[in-house]
Amino acid sequence: MALYDFAKGIILEAGNKVRHWMKEDLDIETKSNPNDLVTNVDKATENFLYETIHHNYPDHRVIGEEGHGHELTDTNGVIWVIDPIDGTLNFVHQQENFAISIGIYYNGEPYAGFVYDVMKDVLYHTKVGEGAYENTHLLKPLEDTELKTSIIGINPNWLTKPIMGKIFMPIVNDARSARAYGSAALEIISVAKGQLAAYLTPRLQPWDYAGGLMILNEVGGIGTNLLGDPLEMNRPNSIVMANKQLHDQILNQYLSEFKETIASHHEKRFGRK
């Protein structure tokens, strides 16, 4: 079986398991703060994906949110970047609006991306260079927009922070409106479908964006950090993802004056500018 078809099969199987496990009692733990949750289902889903991949492709490596592969220091070979439940708060409180996200890289280059909306049973996927799909429906290339006619995605919590609020508030003020869905992977997909024109956040892990970024790129969208630098598969970063015209507008008209502040944020949060 081709790697792409294998990946499609196991993400759908993982979703079936999640829907089954949801009927049982959840064991909920707090990680870095009261809003950063992990459940037994997150862990079981990552273990299922890791063990299935390792059994079929023992030379492949896995970076997973719940502990696998965080020590990887190179990008050689085939690497899977996995978020077993993206949107755990939604999973716990709403029992919907969460996703399984997978990005597959070969020698550091994007190979295939998958975002599975588990409760809607909708799989977004791409084999890089061959188009992006919603189940079997080919996604259309993105149309350009300008900020004043755009709905953007951003967590309102960032607007309450002294530094990030100063950076993001003008963008929110000048946009037509803003939304927060609580799952980075699904918000990136919303940009890829044109439902959101942009998604911004000052901090995101690679397993949150790996699969969605490949899908977004496939329809002509752009994803970089807040300085306009490329995103890496094995490091956290800040995020601005949008259609091409809006991406350029946000970087050049809104973020350029904060370059030093953003670089300082990167150094503090990620250990680099």
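1. Two strands are said to pair if DSSP finds at least two bridges between them. With that in mind, one pairing in this predicted model can be followed residue by residue, since Thr224 has Val240 in strand 14 as its bridge partner, while Gly223 stands opposite Met241 of strand 14. Strand 13 and strand 14 (residues 237-242) run antiparallel and are joined by three bridges.

2. On the sheet as a whole, five strands form an open sheet in the order 11-10-12-14-13, and their pairing is mixed. Strand 11 (177-179) and strand 13 (222-224) are the edge strands, each of which pairs on one side only. From one strand to the next, the twist averages 15°.

3. Strand 14 also pairs with strand 12, in the antiparallel sense and over five bridges, and here Ala198 has Ala242 of strand 14 as its bridge partner.

4. Two helices deserve attention alongside the strands. Helix 7 (residues 244-255) packs on the sheet, where it touches strand 12, strand 13 and strand 14, and its direction makes about 135° with that of strand 14. Helix 5 (residues 184-192) lies across strand 10 (151-153), strand 11, strand 12 (198-204) and strand 14, and it runs at about 150° to strand 12.

5. Is strand 14 largely enclosed or largely open? Buried means under 20% relative accessible area, and six of the six residues of strand 14 are buried, so this strand is largely enclosed by the rest of the structure.

Terms used
Residues numbered from 1 in each chain as written. Predicted model: local features only at pLDDT ≥ 70, side-chain atom pairs only at ≥ 80, totals over all residues. Heavy atoms only, no water. Helix = DSSP H or I, 4+ residues; strand = E, 2+ residues; numbered from the N terminus. Axes fitted to C-alpha atoms, helices over the stretch in contact; angles between N-to-C directions. Contact = heavy atoms within 4.5 Å. Buried < 20%, exposed > 50% of the residue type's maximum accessible area, 1.4 Å probe, protein only.
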